[in-house]
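Have the view open and follow the points in order.

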Amino acid sequence: MSTDERRDPNDVIEEYEQRLDDVLAEVEPAPDDRTADEPVVSLDLPGLSLNRRDFMKAGAAAGAMGALAGCSNITGGGGGDGGASGSGPGHKVAPGEHDEYYGFWSGGHSGELRVVGIPSMRELTRIPVFNTDCATGYGYTDGSKELLEEGGDYTWGDNHHPNLSETDGDYDGEFLFVNDKANGRIARVNLTYFETDAITDVPNMQAIHGCCVLSPDTKYVLGNGEFRAPLPNDGRDVDNPDAYTSLFVAVDPESMETLWQVKVDGNLDIVDSGKEGRWAIASAYNSEEATSITGMTKNDRDDVKAFDIPAIEQAVENGDYEEVNGVPVVDGTKESSLNQGDRPIVKYIPTPKSPHCVEVGPNGDYAFIAGKLSPTVTMLDINALSEVSDPSEAVAGRPRVGLGPLHTTFDGNGHAYTSLFIDSQVAKWDIQAAVEAETGSEDPIIEKQDVHYNPGHIQALEAMSTDPDGEWLVCLNKLSKDRFLPVGPTMPDNDQLIHIGQGEKSMELVADHPAYPEPHDCVFAHRDKIDAKKVYDPADYEETYIEEADSGVERTGENSVHVKMITKRSEFGLPDFTVQEGDEVTLTTTNIESVQDIVHGVAIPQYDINYAVPPQDTETVTFTADEPGVYWIYCTFFCSALHLEMRSRMLVEPA
Ligand code: RUQ
Ligand code: CUA
């Protein structure tokens, strides 16, 4: 395409602006959000003269960002200057000191989880989940390869919502469950070893988006199917979107088997559970059941769904389901007979507009549903849900918080904090005041803090438990624009650390933290709740531990050998070993050291092998020695002064 034929990028911005304005205008009477003293920023773009809000909406050119950077009081936002101001509460953790909290970050389509110390925001480690990882060998060793193959055999996943297992409504530090939005999977991460130990490829579902554990005791891991598709998706109804369906799923946290599914009208987005184990509340957009953006944003309200878990269990027990691909699927659509009596299995609650998140507050009284295309948060009284016949009567409050509300978090002191994607702000508001105020009132708002830019999730310390710790919250901003040194067109996200105190003007932005694309959510646990092992216990894994005396080559068949080899500083159990060309080689290595942090790596580069063997761990790889020759094996973790000398040789004799 010649330059002349290319579209003017400014037209593209304007077109997007117009579409967003149209969608927003349909929701509410267009609010005059501009205040008189709000500066008008002029961008170097023809026909565009923007105030701060428009500017954020446009997500416009970086060149103009300088005018706004550091200018955080444009709409009366909090006082942070975006960098560490020096005057703020200390979040730095001194060299050699430990953070007080673990933060578990989903890594989005990088497929991994990241472990970050709070409040320092130092990245402690990464846990590969739906991705492969050449630093640890995850996805290359026999065990992890099998895990990924049996978990659907995809090369990537989109890791969104990490959830900590609970006992009595508190984090028990055992497991973390996370969804794969891309491939409809749920994974379990063992927090003793910080490693993925199970992946379930849930049948019948595309795009499991919302994911939570059923409080208070992790009876189920629950997931929301976001994309509607035919059921079963076997070629029927491909061109008949009316016949597509969305499913809600329960997975057993121990066996990780898919237990049952519920099909609904419309689609499903985010889900959270009440604190008493009865209700799971799911947000939804697209009650229109459309397949285009115009269609999906047409209605003013979309149905939030409240799943009555014991009623669903009863239906499954009664055999009131259809089995699809081995899973009992209960009919939870509006017309279903299971929804006609006085104990419907799913209650539909019309909520403005294309609502995005659901977060249940710490004492379980309310579910907070952020309006996304409506500037409000709808509060659903969870106890009232069980009593009222018209679930709309369970709506307890609907404050107007600002444009583009996506997620809400809690400090345990009666406050809610909602991220505002379009406004690029965090709104702090008073929960009780919102119950007392009229619908659409801004009175409950205590304070707003500018963030940079366009926040999605927001999470305060232990906010998803029954007893949040307050003090810090992290706002996960989708765009960073000018906040960091430019690193090419793909910029990092910007996770901002905000100190929260009491009283008015209590939010203070204390740190920017670049994050590789693209975290979605995070969850925090006090360090006392996590008991990470420093050395493997061979009783905890299935591989056979190799003793020093076991090192050797055992011929297991005409064309197969089992090589057993220990690792220790600074040598492999075998200085060399010989196999025949064409042999299938199973190589098992045990790190016989039990010293914390002494990890050895086993790399056979020409055979594309590299994996880590932490202290007392045993790992196996299997490959075919199809090229005769001499192949050096070396240790990839710097383990001692003789690390470079730590090597072995594989001799492949020609057939
Ligand atoms: S989503 S930015 Cu996957 Cu949690 Cu809301
Ligand atoms: Cu072992 Cu380096």
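1. Let us begin with a charged pair. Arg114 and Glu112 form a salt bridge, with their closest N and O atoms 2.7 Å apart. A salt bridge here is a side-chain nitrogen of Lys or Arg within 4 Å of a carboxyl oxygen of Asp or Glu. Arg114 is buried, at a relative accessible area of 2%, and Glu112 is buried as well, at 8%. Buried means under 20% relative accessible area, exposed over 50%, and partly exposed in between (1.4 Å probe, protein chains only).

2. A word on what you are looking at. This is a predicted model, in which local features need pLDDT of at least 70 and side-chain atom pairs count only at pLDDT 80 or more, while totals for chains, interfaces and linings use all residues. Residues are numbered from 1 along each chain as its sequence is written, chains are lettered from A and ligands numbered from 1 in the order in which they are written, and side-chain values use heavy atoms, with hydrogens and water left out.

3. Now back to the charges. Glu123 and Arg126 also meet in a salt bridge, at 2.7 Å from N to O. Glu123 is partly exposed, with a relative accessible area of 38%, and Arg126 is partly exposed at 38%. Which residues join these two in a network of salt bridges? Glu112 and Arg114 do, so that Glu112, Arg114, Glu123 and Arg126 are linked.

4. Elsewhere, Glu15 and Arg7 form a salt bridge, their closest N and O atoms lying 3.1 Å apart. Glu15 is partly exposed at 48% relative accessible area, and Arg7 is partly exposed at 48%. The structure holds 25 salt bridges.

5. One of the members, Asp467, sits in the loop between strand S28 (455-461) and strand S29 (470-477). Asp467 is exposed, with a relative accessible area of 54%. Strands are DSSP runs (E, at least two residues), numbered from the N terminus.

6. Next come the rings. How many aromatic pairs does a search of the whole structure find? There are 15. Tyr102 and Phe194 are one such pair, tilted because their ring centres are 5.8 Å apart and their planes stand at 50°. Rings of Phe, Tyr and Trp (its six-membered ring) pair if their centres lie within 6.5 Å, and planes under 30 degrees apart count as stacked, over 60 as edge-to-face and the rest as tilted. The pair links distant parts of the chain, 92 residues apart: Tyr102 is in strand S3 (residues 101-106), and Phe194 is in the loop between strand S8 (185-190) and strand S9 (195-201). Both Tyr102 and Phe194 are buried.

7. Tyr193 and Tyr536 form a stacked aromatic pair, 4.4 Å centre to centre with 5° between the planes. Tyr193 lies in the loop between S8 and S9, and Tyr536 in the loop between strand S33 (522-526) and strand S34 (552-557), 343 residues apart. Tyr193 and Tyr536 are both buried.

Terms used
Helices (H or I, at least four residues) and strands (E, at least two) are DSSP runs, numbered from the N terminus.
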